[in-house]
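Q: Could we go through this model together, taking one feature at a time and asking how each should be read?

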Amino acid sequence: MTSLADVRLLPEHADHDLAIAEIAEEAFGPGRFARAAERVREMAPHDRSLSFVAELGGTIIASVRLTPIRVGEVDCLFLGPLAVRPAYKNKGVGKALMRLCAETARERGETTILLVGDPPYYAPLGYRPIPPGDVTLPGPVDQRRLLILDLIGSAGKSLSGAVTARPVATEARSSG
Ligand SMILES: CC(C)(COP(=O)(O)OP(=O)(O)OC[C@H]1O[C@@H](n2cnc3c(N)ncnc32)[C@H](O)[C@@H]1OP(=O)(O)O)[C@@H](O)C(=O)NCCC(=O)NCCS
């Protein structure tokens, strides 16, 4: 890879599923299935229109996913997994994917992204820790690694409570 300019960022498609699974296996190993973040992702399917892959010369080299959830009574997005193939790390691909998914979510009217991750990586992207105990996941998590990004104003301040599935929006039924 010569530069980030050679990499194409694309909306996720079902054709990418196998490559994304391989990237996650490579990055996190089988232990990933035991994590609280995985319990959250089991609650609902991720939103492909808010999830992106990085492609270089026809090969998928990185991926990020966003899953619609709720925290207490507030709609929110849960980010992850984010992973970049080892050979392509430290070239800006991870941050480019992070910025693209956040910008797309903002344009769609989403207000907050929640994730579990390393604060030193995510802080330059605007993520901040939340007060310990404010948000609970379906499993143990190091509260210092629970981070949020406000997409609009300080929307994240209203996040409090348990992470649950976001109710599926039902279309208004016409009468008559
Ligand atoms: C973490 C990861 C997604 C970063 O993607 P990337 O494309 O390599 O990173 P970028 O090029 O966007 O950013 C590189 C910068 O982030 C830093 N960085 C990378 N991983 C970091 C981490 N875990 N904690 C703190 N800083 C980190 C690098 O040192 C580098 O810093 P610099 O710009 O000052 O040199 C990638 O390393 C990866 O897939 N890791 C394994 C899976 C993983 O840990 N995913 C995140 C789960 S929280």
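Q: Which residues of the largest nonpolar core touch the most other members?

A: Bear in mind that this is a predicted model. A nonpolar core is a set of buried residues joined through C-beta atoms within 7 Å. Here the largest such core has 43 residues, and those that touch the most other members are Ala 62, Leu 77, Leu 97, Cys 101 and Ile 113. Several elements each supply at least two residues of this core, including H1, strand S3 (59-71), S4, H3 and strand S5 (112-116).

Q: What does Cys 101 touch, leaving aside residues up to four places away in sequence?

A: With those set aside, Cys 101 touches Leu 50, Ser 51, Phe 52, Val 64 and Leu 66.

Q: How many bridges pair S3 with S4, and in which sense do these strands run?

A: S3 and S4 are antiparallel and pair over nine bridges, with Val 64 having Leu 82 in S4 as its bridge partner. Two residues lie between the strands of this hairpin, where Gly 72 adopts a positive phi near 60°. S4 also runs parallel to S5, to which two bridges join it, and Phe 78 stands opposite Leu 114 in S5. Nine of the 11 residues of S4 are buried, so that the strand is mostly covered.

Q: Why does the distance between the ends of helix H1 agree with its number of residues?

A: At 1.5 Å a residue, the 12 residues of H1 (residues 17-28) should span 16 Å, and the end C-alpha atoms are 16 Å apart, so the two agree. After H1 comes Gly 29, whose phi is positive, near 70°.

Q: Which residues come nearest to the ligand?

A: Of the 15 residues around the ligand, Ala 27, Lys 89, Gly 94, Lys 95 and Gly 117 come nearest. Strand S4 (74-84), helix H3 (93-107) and helix H4 (119-122) are the elements that give two or more residues to this shell, which by class has seven nonpolar, four polar and four charged residues.

Definitions and conventions. Residues numbered from 1 in each chain as written. Predicted model: local features only at pLDDT ≥ 70, side-chain atom pairs only at ≥ 80, totals over all residues. Near = placed C-beta within 6 Å. Helix = DSSP H or I, 4+ residues; strand = E, 2+ residues; numbered from the N terminus. Nonpolar A, V, L, I, M, F, W, Y, C, P; charged D, E, K, R; others polar. Expected span 1.5 Å × (residues − 1). Buried ≥ 20, exposed ≤ 12 C-beta atoms within 10 Å, placed from the backbone. Contact = placed C-beta atoms within 7 Å. Pairing = 2+ DSSP bridges.
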